Amino acid sequence: MYIAAIDQGTTSTRCILFDHEGLPVTSAQKDHAQIYPKPGWVEHDPLEIWQNTKEVITRALNDLDLTVKDISAVGITNQRETTILWDDRTGKPVHNAIVWQDTRTDAVCTELSLAGGQDRFRKQTGLPLATYFSGPKITWLLQNIPGLMDEVRTGHIRFGTVDSWLVWNLTGGVNGGLHITDCTNASRTMLMDLESLQWDSSILESMGIPEKLLPVIHSSSEIYGTCKDVLPGVPVTGILGDQQAALFGQVCFTSGEAKNTYGTGCFMLMNTGEQPVQSSHGLLTTLGYKLGKAKPVYCLEGSIAITGALVQWLRDNLHLIDTSSEIETLARQVPDSGDVYFVPAFSGLYAPYWRSDARGAILGLTRYATAGHIARAALEATAYQTREVLEAMEADSSVHLTSLKVDGGMVVNTLLMQFQADTLQVPVTRPVVSETTALGAAYAAGLAVGYWKDLEELKNNWKKQTTWHPVMEEKTVERLYKRWKKAVQKSMNWVD
């Protein structure tokens, strides 16, 4: 018997089957279109995502000649904050999904901040007012789609992050599909109270969002219901936002343990235990996970918008490389960045700055600079941004990190991982199973049905593959980092 994990990410959807040792036995993956209607706008087609989800599940099962009888449970992990509204009578979205990177809600956030500033809702939600989160995206849709509010009043329009959309479709869709989410995804909407784990009526009123739109909030690991489509009869038992799933897959179950996921964006999470820690250094306070009736576990999170997406940009927009993996080869053509710095503020700056007025910048260019220097500067930008987040995390938590667990697509890049260890001046460790996001969803699902007994059993599954130790002199690191900070300042105040 296996646990199935659906990993619905920003650029693709995957289904991975895991065995009892927490090892992937087969997987299938399919990309979906990235839609850019205007500068700063990013959309996905929810129907394409659902179709791809069905396809990758079927392919994963067929790969090993398996049937639904071989699957004990299914867990879901998903790109967070991405916002979908759909009609429960037809199953059709009222608009494309507005993706977490999208910046169109800048005016909505500015207007909301007039009463109380950027931290107006931080005490309740742990989040600053920013275009990143789902709540303002819902407000934008309600304000900009003609006739939508009339439809909302009928009670047939549903809001969900991608987890809610997938669960609704899996469990029946128009024929009684479940309209639910888990507390980790709910904590990213800017609409949920961190203490009560319920929707906050005062915030809903401020944003003009009727509560009837919203899903019911559940824990991250319990039996929610049963699939009727694709995996008929298989229970849906785990839901975690992608970064919380990676934390869970990296078995960071103890307060002070941290992981960093290198994907489209970069996300560092530190377990802070059963009490939320409010950040005074630009981090997010968020739900880590909640297992059934157990107390919730909270995290500090540093979110970086553009890391792997920068490599994709060099590939797709500038055509410096043909495949993402070629970035390392190109960057190794030069011994260093040649004093070139790349600030990838394509969607503004996220943690710890939260500056939507910033835009991307390449600084320090001279006639000496080559494609290799730009490629190297792009990789180094990921490491520098991670250090900024780690410094904020240590200041908020008073915990000094002695090592960092890493995962995600970019951790195969050994040049980046070595530079990351140098920049942080701590060891960086990659586990045997690098698909920790999907693994975390599988673990949450498996715990709910007794496939795994407890957290101790999950800890025993974790195995180290590679550790990078710092080799660069500290004074060199500090000189480079100082220049990076200067470059970041230059990227600000671009948008009036």
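## Exercise 1: The sheet

T226 stands opposite P235 in strand 12. The model is predicted, with local features requiring pLDDT of at least 70, side-chain atom pairs counting only at pLDDT 80 or more, and totals for chains, interfaces and linings using all residues. Residues are numbered from 1 along each chain as its sequence is written, and side-chain values use heavy atoms, with hydrogens and water left out.

**Task.** Determine in which sense strand 11 and strand 12 pair, and in what order the six strands of the sheet are arranged.

**Solution.** 
1. Strands are DSSP runs (E, at least two residues) and helices likewise (H or I, at least four), numbered from the N terminus; two strands pair if DSSP finds at least two bridges between them.
2. Strand 11 and strand 12 (residues 235-241) are antiparallel partners, joined over three bridges.
3. The open sheet has the order 3-2-1-5-12-11, with mixed pairing.
4. Strand 3 (24-31) and strand 11 (221-226) each have a single partner strand, so one side of each lacks a neighbour in the sheet.
5. On average, neighbouring strands of this sheet are turned by 25° against each other, direction ignored.

## Exercise 2: Helices on the sheet

**Task.** Identify which strands helix 1 touches and which strands helix 6 lies across.

**Solution.** 
1. Contact means heavy atoms within 4.5 Å; axes are lines fitted to C-alpha atoms, for helices over the stretch in contact, and angles run from 0 to 180 degrees between N-to-C directions.
2. Helix 1 (residues 46-63) touches strand 1 (2-8), strand 2 (12-18), strand 3 and strand 5 (71-78), and its direction makes about 150° with that of strand 3.
3. Helix 6 (residues 162-170) lies across strand 1, strand 5, strand 11 and strand 12, at about 145° to strand 5.

## Exercise 3: Helix 12 and its partners

**Task.** State at what angle helix 12 crosses helix 13 and at what angle helix 12 crosses helix 16.

**Solution.** 
1. The axes of helix 12 (residues 371-397) and helix 13 (residues 414-424) come within 9 Å and cross at roughly 40°.
2. Residues of helix 12 in this contact include L379, Y384 and L390, and those of helix 13 include L415, F419 and L424.
3. For helix 12 and helix 16 (residues 474-491), the axes come within 11 Å and cross at roughly 90°.
4. Helix 12 is therefore roughly perpendicular to helix 16 (the class for 65 to 115 degrees).
5. Among the residues that meet here are Y384 and E388 in helix 12 and Y481 and W484 in helix 16.

Notes: Parallel < 35°, antiparallel > 145°, perpendicular 65-115°, else oblique.
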